[in-house]
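Dear colleague,

Please find below a structure that I am handing over to you, followed by a short account of what was found in it.

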Amino acid sequence: MSLQALLEERIAREGSIGVDDYMTLALSHPEFGYYMTRDPFGVRGDFTTAPEISQIFGELCGAWIAQQWMAQQEPSPCVLLELGPGRGTLMKDMLRATARIEGFHSSLYVRLLEISPVLQALQRQTLRDTHPRLEWITALEELPSLPLYAVANEFFDALPIRQFVQEQARRVVQENGALRLVPDVQPQDVRETCEVGIAIITRLSEHMKRHGGALLAIDYGYEGESRGDTLQAVREHRYVSPLETPGEADVTAHVAFSALMDAATQTGASAYGPVPQGQFLRRLGAELRASALCYNATPQQRAAILSGLERLMAPHAMGRLFKAIAITPSGLPVPDGFG
Ligand code: SAH
């Protein structure tokens with residue numbers, strides 16, 4: 001059995017499946033889902049994420065989180081949560097960068113929301129001996145009722161979207177042995193929604209409103225209304241058709257930041273951004289941090305530090321398409337990087 005065969009069987013039985021069901025199966029089917037079966041990251045994998053490019057990314061995210069904790073009178077105990085931690089690199093860099101902030105680590109329960117057993121095992125390896133109270137959760141219901149400091153990098157793009165053409169939901173069908181989307185229309189005639197992402201933001205916002213905390217989410221996506229088809233797939237660092245090799249490619253959609261932010265403000269929380277990643281990292285002092293790292297580096301290391309920074313920040317690389325948003329309880333100062 002393969003995911004292709006499983007999809008064909010289900011589509012034969014039901015006539016069609018929604019784009020959301022397709023994404024869910026392609027990414028997280030327990031046996032064949034893309035994330036459930038592999039480590040997808042890095043040069044030998046399918047794609048490379050910001051924390052895998054440069055340690056500066058995680059260090060600045062850590063500094064941002066610790067700054068929020070300090071701005072809210074250093075609550076203790078509290079939770080540090082990462083949604084979709086990949087290889088665990090971002091959390092590792094965040095914890096290292098904040099280790100010397102008085103009272104911070106000793107206040108934390110570290111929680112990791114991860115569905116993939118393969119990635120959970122990798123995270124366990126990366127994060128062993130980094131913090132004494134570090135545990136995995138598979139649902140947000142498992143979070144304790146404590147102030148919540150949360151980060152998510154390239155998490156929301158992996159959540160299932162629905163697509164509409166006018167008011168009609170777009171479906172995946174099978175024709176002549178290939179999967180196809182119907183109705184078949186121009187990309188600009190498609191509208192997308194991500195109910196799962198909105199539900200997660202709503203839940204986290206309500207939690208932070210009651211208990212305090214802050215969320216930093218970074219992803220590729222757009223501001224304003226949904227304006228077209230953004231369903232995409234990446235395999236071996238190339239774009240492929242999202243329907244072509246289900247379970248073997250990273251199938252994602254661009255994040256509708258405005259929809260997530262509206263969901264947050266509807267709960268009474270405050271939402272900030274989106275700020276392009278390049279600008280956000282510059283405001284947090286990425287260049288200064290790079291210079292400090294270069295100071296004790298060999299010429300070779302120095303070149304790697306600077307090219308990593310360039311990839312994260314340059315508009316033609318990740319600096320513009322990727323954006324940051326923040327959510328906090330209302331009545332607090334504008335978070336670092338968003339003012
Ligand atoms: N943040 C990491 C990885 C991004 S890839 C990085 O920047 O490198 C997306 C991550 O989210 C993977 O770890 C994947 O297994 C996880 N994930 C995807 N859908 C999820 C879901 N519904 N619940 C929990 N984790 C999920």
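**Aromatic rings and burial**

With a relative accessibility of 8%, F322 counts as buried. Buried here means under 20% relative accessible area, exposed means over 50%, and partly exposed lies in between (1.4 Å probe, protein chains only).

Please note that this is a predicted model, in which local features need pLDDT of at least 70 and side-chain atom pairs count only at pLDDT 80 or more, while totals for chains, interfaces and linings use all residues. Residues are numbered from 1 along each chain as its sequence is written, and side-chain values use heavy atoms, with hydrogens and water left out.

How many aromatic pairs does a search of the whole structure find? The search finds 7. Rings of Phe, Tyr and Trp (its six-membered ring) pair if their centres lie within 6.5 Å; planes under 30 degrees apart are stacked, over 60 edge-to-face, and the rest tilted. Y220 and F322 form an edge-to-face pair, with 5.3 Å between the ring centres and 75° between the planes. This pair links distant parts of the chain, since Y220 belongs to strand β11 (residues 213-222) and F322 to strand β17 (residues 322-328), 102 residues apart. Strands (E, at least two residues) and helices (H or I, at least four) are DSSP runs, numbered from the N terminus. Like F322, which is buried, Y220 counts as buried, because its relative accessibility is 6%.

Elsewhere, W64, F280 and F338 are linked by ring pairs into a cluster.

**A sheet of three strands**

Two strands pair if DSSP finds at least two bridges between them. Between strand β6 (residues 162-165) and β10, the antiparallel pairing runs over 4 bridges. Within this arrangement, V165 stands opposite V190 in β10.

**An exposed glycine**

Is G177 buried or exposed? G177 is exposed, because its relative accessible area is 55%. The loop that holds G177 runs between β8 (171-175) and β9 (178-182). From G177 to I325 the separation is 148 residues in sequence and 42 Å in space, C-alpha to C-alpha.

Yours sincerely
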